[in-house]
Amino acid sequence: MRGTAPATAHRVPEVTINQLDLVTLLGAAVLLAAVVAVRLTSSSGLPALLLFLGLGLLIGEKGLGVRFDDAELTGVLGYCALILILAEGGLTTRWETIRPSVPAAAVLSTVGVCISVAVAGTAAHLLLGMAWPLALLAGAVVSPTDAAAVFSVLRRVPLPGRLVGLLEAESGFNDAPVVIAVVTLTGVEAGHGGQPWWPVGQAVLELAVGTAVGLGIGRAGARVLARIALPASGLYPIAVLGLVFAAYGTAAALHGSGFLAVYLCGLVMGNVRLPHGAAVRGFAEGLGWLAQIGLFVLLGLLADPSRLPAQILPAIGFGLVLLLLARPLSVLATLGPFRVPLREQAFLSWAGLRGAVPIVLATVPMSARLPGSTRLFDLVFVLVVVFTLVQAPTLPLVARRLGVVGDLCATGLDVESSPLGALDADVVQLRIGPRSRLHGVELFELRLPDRANITLVIRDGKAFVPEPHTMLRHGDDLIVVAAAAVREETERRLREVSRAGKLAGWRRPR
């Protein structure tokens with residue numbers, strides 16, 4: 001799956017203009033329907049992937065009659081889509097948010113994945129009757145969490161910064177080791193490998209090479225883009241996209257993890273002051289959505305609705321083991337030494353949503369034509385749909401019951417504005433939570449840094465420009481403009497007052 005050329009050449013099918021017109025019309029209709037689906041799911045609490053998969057089933061052979069059964073092509077296009085999704089994740093992740101959680105997330109994404117694969121693989125062998133190599137392969141396929149699925153739901157929940165950072169970092173890191181495991185176990189089952197367990201040395205080497213390539217290309221690319229003046233602002237997003245794919249290709253050519261290189265390359269470039277940074281991130285976000293839509297619709301096309309009902313009960317049993325045993329064990333075993341509170345560990349266990357990644361990985365054994373691979377694909381497809389329906393809507397409730405809902409939620413806003421760019425300023429949106437002690441505090445009592453101001457307050461759906469004696473209330477949304485140098489200090493001060501009230505830090509000169 002690293003880009004090896006096929007043994008025989010295939011003739012490109014001829015496409016007439018009439019066929020092109022029909023395909024264009026159908027593609028546009030699917031794309032617009034998917035955009036509407038995003039709007040519908042944003043208020044329901046469900047990830048949009050469910051409706052995208054439904055669209056694929058609807059236009060498939062048992063629906064509108066479009067026949068598609070090429071698992072190998074789906075795997076290749078799936079890898080391309082995952083590159084774009086991981087790049088968007090890296091570019092839009094703030095290093096300050098994930099930095100304290102990187103060690104814990106790295107252990108959870110490696111050691112935790114091994115534990116999850118072992119437990120889920122044992123369940124697949126004992127409950128589903130799979131032979132050990134195929135059972136471990138099934139455990140590896142369902143082990144990764146999906147960033148797109150998790151954060152489409154968590155955007156609505158104000159979580160503590162440490163928990164957000166841990167979820168973001170884990171979802172960015174865990175794809176790489178899982179891909180290595182799936183490809184290795186597929187080779188073992190196909191008779192191309194030796195032992196039915198991971199070659200640990202090779203895995204460590206691939207992760208090390210991917211890390212080095214991603215950080216190296218990210219830093220070099222950021223320096224070059226910061227110093228050269230391209231003739232059009234639209235060239236900067238294209239240059240960043242080229243660097244991301246260069247990171248993947250270079251790492252793969254050096255037998256490293258291309259996915260890890262992509263995420264780290266995006267993370268490095270997303271945390272420097274790139275020219276037209278807002279346009280770069282907006283472009284990446286648009287490509288990420290397009291990749292998700294195309295990928296999920298394609299996976300829905302590949303699935304056969306007539307085969308899926310037979311896998312409902314096995315998928316529920318297997319998924320319960322994954323949700324209630326494998327995921328909690330991996331979290332408890334790896335995060336205990338980092339002193340993560342048990343409540344946060346419980347939420348992390350429940351928040352391990354599966355999405356596109358497990359379904360894409362299920363196409364790898366199908367491409368190798370392994371016995372039982374079609375059943376595995378159907379099983380994973382049903383598992384993702386059923387447990388997304390169960391977990392996604394309940395995440396906000398679980399967060400509140402476990403007491404991990406934060407009092408203040410800060411979100412960066414990208415505003416493409418020349419004055420703000422010249423001043424090196426950031427725009428941040430904050431929401432005052434129901435238990436925040438910012439309630440009742442007047443603006444002048446906040447004592448924000450000199451180059452930070454609350455410029456707009458949104459209350460009960462109405463926006464107004466605040467005055468020094470404007471009193472804040474629960475549920476207010478604040479728009480803060482701060483110089484980049486004092487953004488972190490500004491957020492820290494607001495969180496401090498949110499926890500301890502207006503007298504927090506009053507002895508310190510400001």
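This is a predicted model: local features need pLDDT of at least 70, side-chain atom pairs count only at pLDDT 80 or more; totals for chains, interfaces and linings use all residues.

Reply: The largest nonpolar core holds 129 residues, and M130, F318 and F347 touch the most other members. A nonpolar core here is a set of buried Ala, Val, Leu, Ile, Met, Phe, Trp, Tyr and Cys residues joined through side-chain atoms within 4.5 Å; buried means under 20% relative accessible area, exposed over 50%, and partly exposed in between, with a 1.4 Å probe and protein chains only. Helix 13 (residues 277-302) contributes the most to this core, twelve residues. Helices are DSSP runs of H or I, at least four residues, numbered from the N terminus.

Residues are numbered from 1 along each chain as its sequence is written, and side-chain values use heavy atoms, without hydrogens and water.

Now the aromatic pairs. Rings of Phe, Tyr and Trp (its six-membered ring) pair if their centres lie within 6.5 Å; planes under 30 degrees apart count as stacked, over 60 as edge-to-face and the rest as tilted. The count is five aromatic pairs. F52 and F296 are stacked, 6.0 Å centre to centre with 25 degrees between the planes. F52 lies in helix 2 (residues 49-59) and F296 in helix 13, 244 residues apart; both are buried. Y79 and F259 are edge-to-face, at 5.2 Å and 65 degrees. Y79 is in helix 3 (residues 71-91) and F259 in helix 12 (residues 258-270). Y79, Y248 and F259 form one aromatic cluster.

Notes. Helices (H or I, at least four residues) and strands (E, at least two) are DSSP runs, numbered from the N terminus.
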